[in-house]
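Study the sequence and the structure, then work through each solution in order.

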Amino acid sequence: MTKHFFLSPDRQLLPRWQEAFPEAVAVAAVPVGHIHDDSSILWVSTRVPGWREQLVQQRGDAGIRSVVISGTPDQAEGLQALEAGARGYCHAFATPAMLREVAVVVLHGGLWVGPELMARAIRATNAGGAATDLSSEQALACLTEREREVALAVARGLTNKEVAAALAITERTVKAHLSAIFEKLAVRDRMQLALKMSSHAGALAP
């Protein structure tokens, strides 16, 4: 059973956190002795003093997967969280459904970041003079036409909701296509997919 620990200064769980994970526990310090397994997630509030340092200190513990949650998320803070070892960065007031989605991605070894951070990572990769990924040509070839459209839209940094609106399909259908795309391209998350497809992202540019 997955264990969810929320590191917050007042040891209080927001109602939406509890709704997302009924068995979640609020803690005031990293419960190192209790989360050394692959089914645990430590959700770290940026309200905790020295949250970055705490993340760095526990980064070597392979069993601890951390997600930083912020009341006012921004790109700079998100990058700091990822650099400190977090596997995800999201809004502290995200919906319970979104929090559960973050958990699924992180527990499967993926990385969860918002579309802005994803777009920034793509720009940084391209700005660094990265050569065109020739394997992405093969990646496109193995996808169906609709999967290709979804993959390219994600490469532009669109959310599932935005992809659904752009392609006139449901968010559920977008998720189904993404699952198939991840399997075909052997990627674990949206970030890896976006980086693989970034050399073709302009194909769907307005």
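This is a predicted model, and it holds 4 salt bridges.

**Exercise 1.** Determine which parts of the chain are linked by the pair Asp10 and Arg47.

Solution. 
Step 1. The side chains of Asp10 and Arg47 form a salt bridge, with 3.6 Å from N to O; the cut-off is 4 Å.
Step 2. Asp10 belongs to the loop between β1 (3-7) and α1 (15-20), and Arg47 to the loop between β3 (40-45) and α2 (51-58).
Step 3. The two residues are 37 residues apart, and the pair therefore links distant parts of the chain.

**Exercise 2.** State where Glu149 and Arg146 lie.

Solution. 
Step 1. A salt bridge joins the side chains of Glu149 and Arg146, at 2.8 Å from N to O.
Step 2. Both residues are in helix α7 (residues 145-155), 3 residues apart, which is about one turn of the helix.
Step 3. Glu149 is partly exposed, at 23% relative accessibility, and Arg146 is partly exposed, at 32%.

**Exercise 3.** Classify Glu147 as buried or exposed, and identify the helix of its partner Lys184.

Solution. 
Step 1. The side chains of Glu147 and Lys184 meet in a salt bridge of 2.8 Å, N to O.
Step 2. Glu147 lies in helix α7 and Lys184 in helix α9 (residues 171-185), so the pair ties together parts 37 residues apart in sequence.
Step 3. Buried means under 20% relative accessible area; Glu147, with 6%, is therefore buried.
Step 4. Lys184 has a relative accessible area of 40% and is partly exposed.

Technical notes:
Residues numbered from 1 in each chain as written. Predicted model: local features only at pLDDT ≥ 70, side-chain atom pairs only at ≥ 80, totals over all residues. Heavy atoms only, no water. Helix = DSSP H or I, 4+ residues; strand = E, 2+ residues; numbered from the N terminus. Buried < 20%, exposed > 50% of the residue type's maximum accessible area, 1.4 Å probe, protein only.
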